[in-house]
Every structure is written in structure tokens, then in C-alpha cells.
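Q: I'm new to this structure and would like to learn how to read its features one at a time. Could we go through it together?

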Amino acid sequence: MPPLIEVTNLSFSYNHLIDEETLTNVSFTVQKGEWLAVVGHNGSGKSTLAQILVGLLSPQKGRVMLAGQVLNEESKWGIRQKIGIVFQNPDNQFIGTTVQDDVAFGLENINMSYEEMQTRVEEALKMVEMSSFQFHDPSRLSGGQKQRVAIAGIVALRPSVIILDEALVMLDPASRRKLLQTLQMLKEKEGLTIISITHDMNEAATADRVLMMKSGKVVKTGTPKCVFGDELELEPPFAEALRRTLLKRGRSVPQVYMTEKEMVQWLCK
């Protein structure tokens, strides 16, 4: 099948007066229903890439295609109905005076019927475990609760693609794990495509594929096993970090990358 997202030779610079690019010849594809994690140190160009993918920034070179359609000034409004982004700071995304109003805002903009809107809002809030807060003022929620409401607002729109730009960083570990499970369920059940921009290597380890960036360039892409097994400068996910620690202490452990599930199975032997 042709890729759902196709990025070709993308280059971008914030300052045209100096010969320094934030992104340089970035190319990759994403298949429908795939979860791609984009990792890299601060300044590697991850968030800039996310903003280009939703049309908030325009590249100087290269192109982005979604479902066979080129992203440009004319097409970006239609494409934004297929792709949603959740930022690190949820306060920047709040519009409504109550949680349910905020989740419904995007649905109102596409003239959805009240009955369908009510159903989608209820389902989205249930997915992120915020149903009991539907009449609360979003500004009075905790940071983690605000982030869950922001994610619900995107999920309610049922886009083809969701981009998470460090969107889970404010959640506690239990809430983060639960939300990752919910997103995984949506990916499998609805064919949702997810691109997560993240510093959390445990989050990246749950993805189908990892794209590693450095100084605005793609330096490696592959399965979590491929990337974390080869790139020792990256902070490894918990299970891999444990394997390396045991190996350094002379324990008899497998010599290859292990997922969390594989580590649990090995420890239980």
C-alpha cells in the first residue's frame, strides 16, 4: 500500500540570513495504522517537523503529502481535518469554559449534529478517564488533567493521524501507561496513525518504528529493537537499561535488546 504520509527532502530554516538549517533533507514515510516515534536531543528539529506536518510552518524545500495530497497553503485547511496535534502545554489549546465545551469545540466547527457531538464528547472523555470532570473549568485542572482533556479534544475529531508533541510529559506514570494503552487500542481498532515526538524512551519503545534525529537530519530509522540496540548514545527504555546493567554486573543475560514483555518473561524463567 502507498504510505499515508510521505515526507520528501524537507528543509527548513528560521533565519534566512544565516546558513544554518533547522531541518536538512528530511525524508521518511508513515503507513496507515503505524505508530512512529520521533526521538532526538533538544534542538534536533523534532517539534519543527511536527509543526510542518500540520501546516503551521512551511518548508523552504521539499514536500509533505498526506493520503496522496500535497500539503500547501491551499490544501492545509482540508488536510487539518485529517490530522490533529497535541502540544506539550495544554493551556495553549483550551477554548471552552467547561471541559465538555472544550472537547466539543472542534466538532462544532465542522457543524456536527448535537446528538453525534454529545456521543463523541462522552466517548473521548471516557477514553482519557475525565468523564467526572466534564462540567469543570479547564483552567482549574491539574497539568496532567489538562493534557488528558487536550488529547480528548483531538480524539473526538477522529482524525486519520494524531501527532503527540511531548503530549504525555505532564502525566504521572500510571496515567501515561493507561493513555498509551488507549491510543494503542485506537490504532488497532480504528487504524489510527500516530506520530509521537518524545524524549520518553519508554513511550518510544511502544511504537512500531523509531525515527532518530540529530542536528536537523534523520540519522537512523527502524524498529525499537534496531534503534535502541545500535544507538548507545540514546537513553534506553527501562527494560533495555536493566539488561545493560545486569550485563555490566556479570549476569548471564541475553546479548540483544529486550522489550519490557521479553524482560518480564526472561526474569520469570
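Q: Let's start with burial. Are phenylalanine 228 and tyrosine 257 buried or exposed?
A: This is a predicted model, so keep in mind that we're reading a prediction. In it, phenylalanine 228 is buried, and tyrosine 257 is buried too.

Q: How do I read a pair of aromatic rings?
A: The general idea is that you look at the distance of the centres and the angle of the planes. The structure holds 2 aromatic pairs. In one of them, phenylalanine 12 and tyrosine 14 sit edge-to-face, with 4.7 Å from centre to centre and 85 degrees between the planes. Phenylalanine 12 has a relative accessible area of 6%, so this residue is buried.

Q: And how are the rings of phenylalanine 228 and tyrosine 257 arranged?
A: Their planes are at 15 degrees and their centres 6.2 Å apart, so this pair is stacked. The cut-off behind that word is an angle under 30 degrees. The pair also links distant parts of the chain, 29 residues apart. Phenylalanine 228 belongs to helix H8 (residues 224–230), while tyrosine 257 lies in the loop between helix H9 (238–248) and helix H10 (260–267).

Q: Which ring has the charged end of arginine 80 over it?
A: That's the ring of tryptophan 77. The charged end of arginine 80 is 4.6 Å from the ring's centre.

Q: What should I look at when two helices pack?
A: Look at the angle between their axes and the distance between the axes.

Q: Which residues meet where H3 packs on H4?
A: On the H3 side you'll find Val99, Gln100, Val103, Ala104, Leu107 and Glu108. They meet Met117, Arg120, Val121, Ala124 and Leu125 of H4.

Q: At what angle do H3 and H5 pack?
A: At about 35 degrees, with 7 Å between the axes. H3 passes H5 in a crossing that is right-handed. Here Val99, Asp102 and Val103 of H3 meet Val149, Ala152 and Gly153 of H5.

Q: What about H9 and H10: how far apart are their axes?
A: The axes are 8 Å apart, and the helices pack at an angle of about 45 degrees. That angle is why H9 counts as oblique to H10. Ala239, Leu242, Arg243 and Leu246 in H9 do the meeting on one side, with Glu260, Met263, Trp266 and Leu267 in H10 on the other.

Q: Back to H5. What is glutamine 145 in contact with, leaving aside its neighbours within four places in sequence?
A: Met130 and Phe133. Glutamine 145 is in helix H5. Its relative accessible area is 17%, so it is buried, the cut-off being under 20%.

Q: Where is serine 142 found?
A: In the loop between H4 and helix H5 (143–155). Serine 142 is partly exposed, because its relative accessible area is 37%. Serine 142 and methionine 170 are 28 residues apart in sequence, and their C-alpha atoms are 9.4 Å apart in space.

Q: How many residues of helix H1 (residues 46–53) are buried?
A: 6 of its 8 residues, so H1 is mostly covered. The buried ones are Lys46, Thr48, Leu49, Ala50, Ile52 and Leu53. After H1 comes glycine 55, with a positive phi near 80 degrees.

Q: Where is serine 215, and is serine 215 buried or exposed?
A: Serine 215 is in the loop between strand E9 (209–214) and strand E10 (217–222). Its relative accessible area is 57%, so serine 215 is exposed. Although it is not a glycine, serine 215 has a positive phi of about 55 degrees.

Methods:
Residues are numbered from 1 along each chain as its sequence is written. This is a predicted model: local features need pLDDT of at least 70, side-chain atom pairs count only at pLDDT 80 or more; totals for chains, interfaces and linings use all residues. Side-chain values use heavy atoms; hydrogens and water are left out. Rings of Phe, Tyr and Trp (its six-membered ring) pair if their centres lie within 6.5 Å; planes under 30 degrees apart count as stacked, over 60 as edge-to-face and the rest as tilted. Buried means under 20% relative accessible area, exposed over 50%, partly exposed in between (1.4 Å probe, protein chains only). Helices (H or I, at least four residues) and strands (E, at least two) are DSSP runs, numbered from the N terminus. A charge sits over a ring if NZ of Lys or CZ of Arg is within 6 Å of the ring centre and within 35 degrees of the ring normal. Contact means heavy atoms within 4.5 Å. Axes are lines fitted to C-alpha atoms, for helices over the stretch in contact, and angles run from 0 to 180 degrees between N-to-C directions. A crossing is left-handed if the near helix is turned anticlockwise from the far one by less than a right angle, and right-handed if clockwise. Angles under 35 degrees count as roughly parallel, over 145 as roughly antiparallel, 65 to 115 as roughly perpendicular and the rest as oblique.
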